[in-house]
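Q: Could you walk me through this model, one local feature at a time?
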Amino acid sequence: MQAKQYAITLPADYDLDVVRRRIAAGAPLLDDRAGLGFKAWLLRERGTAGSPVNEYAPFYVWRSDGELARFLVGGGGFENIVRDFGRPVVRHWTVLAQFAGPARTGERDAPAPASAVRARSAVPVGTDPLGLAAHVEREVERLREAAREPGVHTALLALDPDRWELLRFTLRTDRPGAVPADGTEVFGVPHLSAPGLAYLPEGRAW
């Protein structure tokens with residue numbers, strides 16, 4: 001599984017309803033997209049939940065590398081972002097673990113995610129060749145425990161081995177009331193396209 005995200009920073013006086021209408025129009029095209037685990041259509045507003053900017057920052061988890069490639073460079077949809085906003089930097093991570101939370105019931109009338117919490121942390125540098133594995137194992141267990149909290153829909157851990165950075169990404173059906181700690185960002189989730197979410201492996205990826 002591969003996760004990816006790009007962020008479009010918008011002017012402070014930008015009308016975010018333009019983005020909300022874009023999401024409403026585009027979401028049906030991804031709701032049954034082959035090879036896609038899920039796409040969280042993320043939006044954060046300047047001054048809300050500690051956000052310093054207006055930002056449109058969709059987050060994807062792909063089950064198929066080929067479909068991810070087609071989306072990015074094969075005319076599969078990313079060209080619309082390039083046309084409207086220019087070509088952004090696209091971050092990529094290898095998914096290490098994924099857990100369903102108690103709010104992901106599979107019922108048709110279950111609450112949809114209302115917020116997404118993203119936290120990034122550096123992987124410590126050490127001389128022990130097995131230190132990385134031990135660190136990741138601890139982070140997976142930490143994620144497993146956090147995924148049991150009420151309101152958690154989906155939680156995942158992923159790695160960027162270029163920056164040696166871990167990403168913890170959590171979809172929630174509630175909205176955090178407090179301004180997040182340093183290094184943690186909160187987004188609203190106007191829509192979740194989840195054609196393959198139920199088929200993502202549960203737990204550690206290996």
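The chat below turns to a helix and then to a strand residue.

A: One caution to begin with: this is a predicted model, in which local features need pLDDT of at least 70, side-chain atom pairs count only at pLDDT 80 or more, and totals for chains, interfaces and linings use all residues. Residues are numbered from 1 along each chain as its sequence is written, and side-chain values use heavy atoms, with hydrogens and water left out.

Q: Which residues of helix H2 are buried?
A: In H2, which spans residues 65-73, Glu-67, Leu-68 and Phe-71 are buried (under 20% relative accessible area, with exposed meaning over 50% and partly exposed in between, for a 1.4 Å probe and protein chains only). They lie on the same side of H2, because they cover an arc of only 105° around the axis (taken from the directions from the helix axis to the C-beta atoms). Helices here are DSSP runs of H or I with at least four residues, and strands are runs of E with at least two, numbered from the N terminus.

Q: And what is exposed on the other side of H2?
A: Asp-65 and Val-73 are exposed there.

Q: What do the buried residues of H2 pack against?
A: They pack against strand E1 (2-6), strand E5 (59-62), helix H3 (78-85) and strand E6 (90-100), where contact means heavy atoms within 4.5 Å.

Q: Switching topic, is Asp-160 buried or exposed?
A: Asp-160, which lies in strand E8 (residues 152-160), is buried, with a relative accessible area of 5%.

Q: Which residues is Asp-160 in contact with?
A: Leaving aside neighbours within four places in sequence, Asp-160 is in contact with Arg-91, His-92, Trp-93 and Glu-165.
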